[in-house]
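Q: Can you walk me through this one? I have not seen it before.

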Amino acid sequence: GKRSFFLAQAMLAWNETPDNTDIRSVSYSDNFYPAAKSFTSSYSNGLTPSLLLSHQIRFNKKDMLNWNLSYSYSRNKTRSRYEEGDFAPIINNAKDRYHSLMAGLNYLHAFGNGGQLNLELANSLNNSNSVYSGTSPSEQEMLTNEFLFISSYTHRFGKKFSLMLRFGIDVNTYKVNGMETVTKLYTRPGLNANYKIDGTSSLTLTAYAGSFTPSLSVMNEAEQRLSEYEVLRGNPYLKSGKPITSVLSYSKYWTKFSLSAYAMYDGIIDNPVSSYTTEGNTMVKTYINGGNSHSYTLGINGGLLSNSLQLRVSPTFSHVALTGTYKNRHSQLGFYSELYYSTGAFSFSGYYSSPRTYLNSTPWYYKEKCNYGASASWNHRGLFVQVGCSNIFNGKRYHAGNYFDFGAYNIHGNTVSRALSANVYVNLSYSFDFGREVQRQNVNVDTSSKSGILK
């Protein structure tokens, strides 16, 4: 109707990683164990039915209400077998049932003085039951419930300046097995300020703070032996991470050209990281709150725009600093560009990203080659056909490197993957229009299956 829009979406997703074998040459410092070949074979699958209901109703020109309700159920299975030298094989099998229920309500009211009030309520309930068999049998029952209330007010001062202030509370509750229920309260402040210098340029400041609960796949009591010398252990006492982000940007527009410069900060307080320690002759991998993560980025976006041609170039400089358990610093220069051209029913696009080595908050150094690709598409009356390729000159044996020194464990590896190498693809879709009362809207489809299995 003219005031109401209703969306119903049902989906069934199947994810499967067929039998996969990983072969490595393993050696140990001081020849603690004899050098040997290791073989890891693994398999996993997941089935996820889900349902989404969403409704938007506009009461009048000033008041609008949105509500949504979604439920998904994931059934996951994994199995793995590790063999090394003369050691006995290590077998890990797991089955997981994961329920996720989310509900949200959003109310928007516009005032006559140029102000706008936004009230949001949301609740997310997740439950996981994981059963482990094989070398280290155990069972895990985990529950998280998050209630969120956010209020924000936006006001325009004259024709040049607008300001949005946000305040929210996040009530987070979780329970692992028979442990006590833990409840935490967090605040979610934020602001957005925009100043129009003139008709073609503006200055914007955005800043937000929030919180996130660690994944149920790490916040548990499960323990799995990975090899004769290594154990993977969950941590039910992990604190929630507190992300902070802020961006200051300047934008300038001309008839066919745009330019923006920005300075960005991303941080995580109580950053959850991987941790390696030794217990006798055993190395234990677990997860801890290892300090704070700070990321700073300076960048420029330049764009050339016309009716049929779009070109964007983006040089950046970034610096990452980790504090606490794994103090580290890393800086790098990067470059990204993309091109889009259309004529009639045809369109062509391409992109290029420079080689880079970056330090993430995990913590982990990751080194990759340049990434590039191109595509051509044709669209006619609901029929869409696209052919494309990526990294076609990288060959069949693409290497992506990763490394980090955890103290008790120093890793430096190269991954060889066809998925990261030369790739050619074809996309084909057809859209049906059942009448003039249908409203076209992009729907984000999440085909991943949620899991509480220890990772």
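**Surface, sheet and cysteines**

Q: Where is Trp 254 placed?
A: Trp 254 is in the loop between strand 13 (242-253) and strand 14. Strands here are DSSP E runs of at least two residues, numbered from the N terminus. This is a predicted model: local features need pLDDT of at least 70, side-chain atom pairs count only at pLDDT 80 or more, and totals for chains, interfaces and linings use all residues. Residues are numbered from 1 along each chain as its sequence is written, and side-chain values use heavy atoms, leaving out hydrogens and water.

Q: How exposed is Trp 254?
A: Partly exposed, with a relative accessible area of 46%. Partly exposed lies between buried (under 20%) and exposed (over 50%), with a 1.4 Å probe and protein chains only.

Q: New topic. What is the strand order in the open sheet of four strands?
A: The order is 11-12-16-15, with mixed pairing. Two strands pair if DSSP finds at least two bridges between them.

Q: Which are the edge strands?
A: Strand 11 (223-225) and strand 15 (272-279), each pairing on one side only.

Q: How do strand 11 and strand 12 pair?
A: In the antiparallel sense, over three bridges. Glu 223 has Arg 233 in strand 12 as its bridge partner.

Q: Is Cys 389 buried or partly exposed?
A: Cys 389 is partly exposed, at 22% relative accessible area.
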